[in-house]
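Please keep the sequence and the structure in view while reading.

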Amino acid sequence: MTAAGRGHARAASLEFRGVTKRYRDAAGADGAAARGAVNDLSFEVPAGAICVLVGPSGCGKTTSLKMVNRLIEPTAGEILLDGANVMTEDVTALRRRIGYVIQQVGLFPHLTVGRNVAVIPALVGWSEDRQQARTDELLSLVGLDPAQYRSRYPAQLSGGERQRVGVARALAADPPLMLMDEPFAAVDPIVRERLQDEFLRLQRELAKTILFVTHDVDEAIKMGDLIAVMEEGGRLAQFGPPDQVLAHPASDFVARFVGADRGLKRLSLVTIGDLKLEPAPDRPGLPAFRPETSLRDALSVLLVADARGGIALDDAGRPRGFVTVDAIASALAEDRPGRLPA
Amino acid sequence: MSSEPLVRWDWLFAHLGPIADRMGQHLYLAGIAVGLGFAISFALAAVSIRRRRLYPFVTLLATAAYTIPSFALFAALVPVTGLTVLTAEIPLVLYTFVLFVPNIVAGFDSVPWDVLDAADGMGFTRGQRWWRVELPLAVPLVVAGLRLASVSTIGLVTVSAILGDSLGGLGYYILDGYHRHFTTEILVGGLLSIALAVFADVAFVLLQRFLTPWAARRTEKARWT
């Protein structure tokens, strides 16, 4: 990648330390409980991890995100990017090294897709050749053919295509941190799932630090290495890997928020390949599962097929072991360490 | 008298030079009014955008100015500023405000907030945001204001002919033809004024197409999907 040659940090660590934002409510009193307020928020995101802020609307998750690039200034506390307080850096320089993706995308309607992607490189004075090369590289990366899309205008794109361009634009200057505010909420569920999957694939390559806001628990569980559940009043209700939050909700609020089906949600985090299994019996006609199949999908197949068990395959497609409903159930009893990057 | 034809072509061909001069003066008077009116309106709009509470007052003043009949306003200014270009331009400039200011304000209001949020979040400075994002996106409505104001001003310039032979552009022929019961002159003055207005309107439409190719693409898309 271009950035490696420039010796940039590929990812930065992010820390919230006692961050508070108060808004004055209509009555003029200090309204700590006002919409969007944040109350003494502290957590740490290691470099290269996706941290999802999730919570009901008005819980302050977008406020928290916007305090990182100082679109909103905190009332108290500090936010550290690679150990340095964001308030001490020049605000324009800070924002230019933080990728920013929002739900409405905010593409510039008067600029072509190519110019949109290269907008920050152009502002900081890259040569035309370098801008063009970077634009093509990024469009390919997000799955858009540069030759076909480079000269189109945003109005000529579908919602999903726009959001891809938005991600490409945010990546243009190879930022060590990306802020993503409900980036996939405005597209239909099928496109959303595809964008989520592709983004996770992309992230395995890029290993950026990402702060991701959503109100959707399922999205938080799917996207997050860490999730920060926030509740009304801008308080952090729980912080940890998704499996831990699902297995041990810290409060009634968290338990209610993640849903009564949190057991099933945990199953969606674990795949057949993760299970330790008994040897497979030599019985024909059983359902077979690939290693990447989630336990949730496997359980569903077993229940629908009314089968006691199925065959787990290995990567080469050979039988590896016997998957039973009991084995899936006992997987729920285990605590998993999560999938934080090393 | 009854044998007088509708158009005396011989008169027309004998006066091509003066007609061209009057046309030039017409465009000159209208050009100054539109240019000056645009500059002042832009400042008024900028103030109105930054201080929203002032906007109703600005609108009120612009509308009030527009309600004064042009004929009366030209006449009222003569004792103050004489039979000068200034007397012609003051009303012409005043009348543009009501056409420019709302269009300019609406132009900047039409910039989507998510686009501004993205620009801020990505690290545009205030100046960069204004020049590279807000101004280009305001162009369609600003140009709409220019079209209205130029057409309206080109029409009004004819009225300034009451200030004397040295003013009024093509309006001179309308007034002179009226006094002399000479239809050819009235038609020349009237039809060429209309032609100038149409010309200005088309020129601004082309300017807008050139400045906002993205807006044309949008309608293209709308047509094909």
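Strands are DSSP runs of E that hold at least two residues, and they are numbered from the N terminus. The model described with these terms is a predicted one.

Strand E7 of chain A covers residues 84-85 and pairs with E6(A) in the antiparallel sense, over two bridges. Within this pairing, A:Leu81 stands opposite A:Ala84 of E7(A).

One of the residue pairs may be located by eye: A:Glu15 has A:Leu80 in E6(A) as its bridge partner.

Attention may now turn to the division of the chain. Chain A consists of domain 1, assigned to 2-97 + 173-263, and domain 2, assigned to 270-333. A distance of 35 Å separates the C-alpha centres of domain 1 and domain 2 of chain A.

Further along chain A, an open sheet is formed by three strands in the order E13-E14-E15, with mixed pairing. Its edge strands are E13 (288-289) and E15 (319-324) of chain A, each of which pairs on one side only. Strand E14 of chain A, residues 309-313, pairs with E15(A) in the antiparallel sense, and five bridges connect them. Here the bridge partner of A:Leu313 is A:Pro319 in E15(A).

Technical notes:
Residues are numbered from 1 along each chain as its sequence is written. Chains are lettered from A and ligands numbered from 1 in the order in which they are written. This is a predicted model: local features need pLDDT of at least 70, side-chain atom pairs count only at pLDDT 80 or more; totals for chains, interfaces and linings use all residues. Two strands pair if DSSP finds at least two bridges between them. Helices (H or I, at least four residues) and strands (E, at least two) are DSSP runs, numbered from the N terminus. Domain bounds come from an automatic or database domain assignment.
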